[in-house]
Structures are given as structure tokens and as C-alpha cells.
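I opened the notebook to look up folds, domains and chain contacts. The entries follow in the order of looking.

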Amino acid sequence: MLGRTAANLFWLSRYVERAENMARLLDVGSRMALMPGADSGYQEQWRSILQAAAVDQAYSSRHEDVTAEAVAQFMLFDKNNPSSVHSCLKTARDNARAVRAAITTDMWESLNATWLEFSEIRPSSASRNKLPDLLDWIKSSSHQFRGALLGTILRDDGFSFSQLGVFTERADNTTRILDMKYYVLLPRSAAVGGDVDSQQWAMILRAASAHRSYRHVYSGRYTAWNIADFLILRPEMPRSLHFCYRYLHSTLSDLERMYGERCECHDLAWETLSTLSTSTMTGIFQDGLHEFLSEFISGNNRLTESISYHYNFP
Amino acid sequence: MSEAGFFNEMLEPDGSVRRPYRELQAWLEQQSQQVLRQKVRDAEAIFRRLGITFAVYGASEATERLIPFDIIPRIISASEWRRLERGIEQRVRALNAFLHDIYHRQEIIRAGRVPADLILQNEAFTPEMMGHDPAGGVYAHIIGVDIVRVSEGEFYVLEDNLRTPSGVSYMLEDREAVVHLAPELFSRCRVAPVEQYPELLRRTLESAAPPGCKGDPNIIVLTPGIYNSAYFEHSFLADQMGVELCQGPDLFVDDGCVFMKTTLGRQRVDVIYRRIDDAFLDPLTFRPDSALGVPGLFDAYRLGNVTLVNAPGTGISDDKAVYTYVPEIIEFYTGERPILNNVPTYNCANDDERAYVLEHLEDLVVKEVHGSGGYGMLVGPASTKKQRTEFAEKIRSNPRNYIVQPTLALSTCPTFTGSGIAPRHVDLRPFVLVGDKVRITPGGLTRVALKKGSLVVNSSQGGGTKDTWVLED
């Protein structure tokens, strides 16, 4: 397989995953803005959303004020924002077109239809009232693409590269969601257990589509400890760091078997997975949650670089 | 259903049905308008599903249009086809011999049969090719010959495309669509198959492997990328042949050999079916600003370590000014009379012919020698007085830059239109493969001018396509 084909499959999946994550973050932001007492922290909430989307700097280079309207436009439609839903879907589709013969008709149709429909939407129509519908549609389009992929693609090296794209993106996203609010998760935080914290925690869980499943696993009220545990260490939570790395490791092992070659990226994934399997929340909090998350993000970037290098991505 | 002055491929002037079209006529009579309309919609859905689109430059980035497809096939009898086939084979053999000669001893120039200036001063002449012997001695492996019909017995070659002709994917997909939508009609006629084309293309490319290549040659298709208007076809052909579709940056040259970058490291490339123009192939030899090509590719080619299909420099044989000499070229290299005629062409450098041209511009078509795609062209009957005055001035000041032809009475074929079945003008592009032998896929791409009375079949100007049936005896 051409290195570029592998790269196209990796980024195709990665950008579809990112589009979905962007929609989820926006959803959280607009919910926060509706909450009682949100007025004072309004701008702060949107700022943390931009931070979690890793577009805070890009945003402030273009806008002075942080308003719900401007953030939504920026994250949905701005062509200069490489992570806007517009850019994600366009990049995903361009990558798909470049490997049209390596993906299935179902995958192509799903992505193509989403892009065509999205590009018809006028930015002005994404008003506050219509925003929730639009965000739901983006999420379900991503689910549909994933379904088409899982249901139709050959389980060969191409599949592996697409999965590496999905899970490096997801791990990155979950880490950033935790990091945007790491201070409300610290056990010694001043207002532990207050209403504001409770809202912030709900926001974190919602951003990771985890607010319902959380209750099933922990059968109680929100605690900072459990929330962090859920999103970092829980192996059964499909957006947790542990889950993502278990998947990345097994996918890389598949490639190792197929190609008969092992390299740095296999070791990196194995090291991170071992750390996650043996860590405890006590240890992570002791060493510093923010430090842990920062270290994790750079490790995850190193893994992408190592995969790109080893498999000859352009 | 007939239109005065034009040859109708289905109906005789007295209303009787020409033999090859009898089954079709009977079938059409059984179909209601609604059924046909539904079939047209089905066809569109099939094409959209498969993603057979072409990009429209300059239009919004999401715009990829379908080329309209007409469900009614164009039919050619076995005996008509045999003649076309012999004529095309003669032509492509002569043009390949011409290319070999032009890039070696230039006997045809020494013999005074074509003017030296016409070749040596021509933009399409590629001096870098002098003295090079391509693998197997073939320069143009993949050719699309544009042919028009004007009467029962008269076919003319309008253009020989020996650079990177496109459209073969439509030939294949149009057939798929018709077999799917009108199986009962298809099974009643004995239609020569076309679906072997990708296999034959692959074999042709294999036969072009460098002599030093051991084992199965590694073949690739080289595309400029997803924004090229024919990208769908590049991707389609690579897929159908089961070979990699590469872009320039996927390849590199090391020690005179071409490699592609794979997930398992470098892999040697032996044959490149390139859909990139000569000028962009190699920034070190041709246009230095080309980001589409591969630095060092041409040197690797000259060393005989990789084969480029078609060879660089084939453009000299389908140049519009050289076109007028093709009958000479055929006679010079084959010793035979041309089986297929050129469209009569006026030479403006000749005083008498120029005088005739300038007096009759309203009835003539003027083409710029180096223009293509309908640019720099005057279609007399559709022109304004101002345009004619401008062109007359241009011809006077630079007569060699123009060729002039009569407006051709393109034949018509029954076509499904908004207001029922009506005759529309068509042309034909059969696809030719030259390897160890010459293989011509029976049929080709029929382009149809969907607008009533229009003689312009280009897809960019409202043209559509039809499946082309060659009947077997």
C-alpha cells in the first residue's frame, strides 16, 4: 500500500471523528450558556470550549470578543479554522476521494452525502434555535459513516490505518476535555461539591458523551475522582484514554503481524498502555493531573509522528 | 424524425429503418415515455452512486457534475466497424512510425514530404526525445481517434489524440448502465463486448515493460490528483486494473530508477501510465515549476529503467498543423492509400485557398493550430459579423497559425429528450491500444449534442454520452 494511501485513510477517519467531537463540544457550550448563573462565567465557558477544541489561539487571532454566536460560526463554518466542521468534512472527503478505490461505496456515499448536505447549509441558518438540530445531525452523520466503515471495509492494513486515525484523535479529544477543567477535578479545589462544580462536571461528561453511562458505572452522584477515573482509566468506557490505547496497541499489533515489522510506534503504544493499565487515580492526582494530561497529549502526538514516519506518510 | 441535410443513422429518408437499428426501433416502440423517463432517472442514480463525475473548474468546490447519459445506444454494423477498424489500425501504425522517424533520422523531412519548419519549430516537438528508443518501439500505446460520419459511406477523422486521451471510463460505464436498464434489448442484439478493456490495457502496459525488468512488471497510474477534471477516470482505471494510483510526490528517483513510497518502504516501478502532460512530468527536464511531476523521471526514462506511456513528445503527431499531412504520412510509411479520410482542410498559407477561406468564413470552421477544447475557434455559421472580421484579420496576419475546415454535417442518432425521442448530432471516439499488436475495442465513446440542432458535442457545452454498440455478424 502506498504511504499516501495509508495517510489518506488515517486522516479521513481522524477528521470525521474530529467533526463529531467539535459538534459535541459546541453542544456542551450552548447548554452551559443556558444554565442559571451562567451569565458571569459565560465567556469563561466558551473560552474553555475553544481550548478543548484546541482552537483558542486561532480564534483570538480573528475575534476580539467571545460570544456564543461567533464561537459557533468559527467552530462550524470558518474555512480558515482547520478544525471547523466545514474544514473537517472537506478534508475528510478530499482524503476519501484520493483513495476512492481503497474505500467502499457505502463509506464514500455516506461521506459524500454528508459533505454535500453540509455545504448547502447557510451559516446564518445556524441560529440558536436550530443549532441543536444541526449538531445532532453532524453527530449522527459521523455515526453513519462509522457504521458504513465497520460494516463494509476489508479488515486489511487499510482498516488498521483508519482505526489508528480514529483513536489517536479520540484520545487527544478526551485529554483536552479533561484538561480544560482539570482544576474543578482537583480534590482540594475550594468549592468541592457546590452547584457550580456539579455543573462543570456534567459539562465534562457530556462533552465525552459519558453523562448517562457514568451513572451506570458509578451508580451515584458526580465526584471529581470518579469522573477522572471514568475518562482516564476505565477500560470499558469507549472514549477513555485506556480504551483508546488498548485499541491503538492491538491495531498496531495487527500491522506488526501483517508486515512482519516492529518499530518505535509499537513500543510507544505499549508503554502508554502499560502506564494506563497500572496507574491509579491516587497516583495520578499525587503527581498532578494537569502534568499527567500534558504529558499524555505530547505522547499521543509522538505516536502520530512515529506512525507517519514509519509507514511513509507524505 | 429526420432532419434535412443530415445523415440519420437510424432512419432512411423514406422513413424505413436502417438494418442495424431494427431491433432498437422495435424495442423503442414498445416503451412508454414514462418507462423511458424512469430508466433515465435510474441511470442517473447509478452514476451518482458510482461517483462518475467530472469536476468543473472554477465552479464551487462541491461541484462535480454528471455527464448526461442517453439511454438509446448508437449502433454500428459489423461491416461498418471492420472498415473503421482497418482505417484506424493503419493510421495508428503510421503515426507511431512517424514518431520513430521524427525522433531519429527524420527521413520524411529529408524526402520533402513534410516541411522541416512544421516539425522542428513546433511547440509539440520534443528534442529531448531525439535518438531514444522506447521499449518495444512504441511511442503512443493509448490512442483515442475522433471520427465523424456524414453519410452512409463517409467517415472522417477529426482528430488523432495521442497524448492522454480520456473518456474510456464512460465507454465502460455507459455499457454497464444499458445492460442494467435494457437487458431484453441488449440480449436480442449480438453486441461485441467492451468490458475486456481494462484487462487489455493492463496487458498493453505489461508489454511495454523495460527490457531489463524481471518478473511481473510493477505498473502504476500517475494522476495530477483529485482536482483534475478526469480524476474519476484515473481512479477508475487503476482500480479496474488492480494497480496503484500514484501522484507525483508518491514517487522518487534514486540511482536512475523510479520507486514508490509504500507502507513497507520503497518499491520499484516499471511502467507508468501517466495522465499528466509532458510539460509537468519532470521539473528537472521540463517545466521547473511543476509540483505534479517527479524530479529525475525523464532521466530514468531515457536510461530505459522505466517506461512512460504514452512516450513524451507524441504531441507532434496529433498537432493540428501536422494533421493536414497525415494522409502523406500514411502513404510514406505504409505505401498504402489512407482508408479513413481527413476532414478536407484549407491551407491558409496558400494564396488561392486563403482567398477562398476569407470569402466563405460564414460556412467554415477556423481552428487555432495550438488551441484545444474549443478555445481560439470560430464556428462560421454560429458567428457574428464582428467575430468574422476579427478572424479574417488574424488569418491575414498569421496564416500558418490557423487551419480551416468546412462545417461538418455530423450524423444524427435517435436520442431521448425532454420532448420525446428526436435526432441529435453525434461523433465517435474509439479507443486503441498499441502493444505487441494493435487492439481496438469495438465501439468507443459516442458523444451527443443534446441541444436541438447543435453540432457541439463537448461535455463542457451541454454534450452527453451514449453507449456504442458494434454488432457481430
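I count a residue as buried if 20 or more other C-beta atoms lie within 10 Å of its own. The model is predicted. With that cut-off, I find that 48% of the 314 residues in chain A are buried.

Next I looked up the overall form of chain A. Chain A has 16 helices and zero strands. I took the box along the principal axes, and the C-alpha atoms of chain A fill roughly 55 × 50 × 35 Å. The radius of gyration of chain A is 19 Å, which agrees with a compact globule, because 314 residues in such a globule would give a value near 20 Å. I then took the contacts in chain A between residues at least 6 apart in sequence; of these, 70% join residues at least 24 apart.

I turned to the contact between the chains. Here 21 residues of chain A meet 18 residues of chain B. On the chain A side, the elements giving two or more residues are α1 (3–34), α5 (85–98) and α6 (105–120) of chain A. Which of them gives the most to this side? I find α6(A), with six residues. By class, I sort the chain A side into 11 nonpolar, four polar and six charged residues.

Last, I looked up the domains of chain B. Domain 1 covers 19–210 + 306–341 + 409–470, and domain 2 covers 344–406. I get 26 Å between the C-alpha centres of domain 1 and domain 2 of chain B. Their contact takes six residues from domain 1 of chain B and seven from domain 2 of chain B. I class the domain 1 side of this contact as one nonpolar, three polar and two charged residues.

Key: Residues are numbered from 1 along each chain as its sequence is written. Chains are lettered from A and ligands numbered from 1 in the order in which they are written. This is a predicted model: local features need pLDDT of at least 70, side-chain atom pairs count only at pLDDT 80 or more; totals for chains, interfaces and linings use all residues. Domain bounds come from an automatic or database domain assignment. Two residues are in contact if their C-beta atoms, placed from the backbone, lie within 7 Å. Ala, Val, Leu, Ile, Met, Phe, Trp, Tyr, Cys and Pro count as nonpolar, Asp, Glu, Lys and Arg as charged, and the others, Gly among them, as polar. Helices (H or I, at least four residues) and strands (E, at least two) are DSSP runs, numbered from the N terminus. The radius of gyration is taken over C-alpha atoms; the globule rule is 2.2 Å times the number of residues to the power 0.38. A residue is buried if 20 or more other C-beta atoms lie within 10 Å of its own, exposed if 12 or fewer, and partly exposed in between; C-beta atoms are placed from the backbone.
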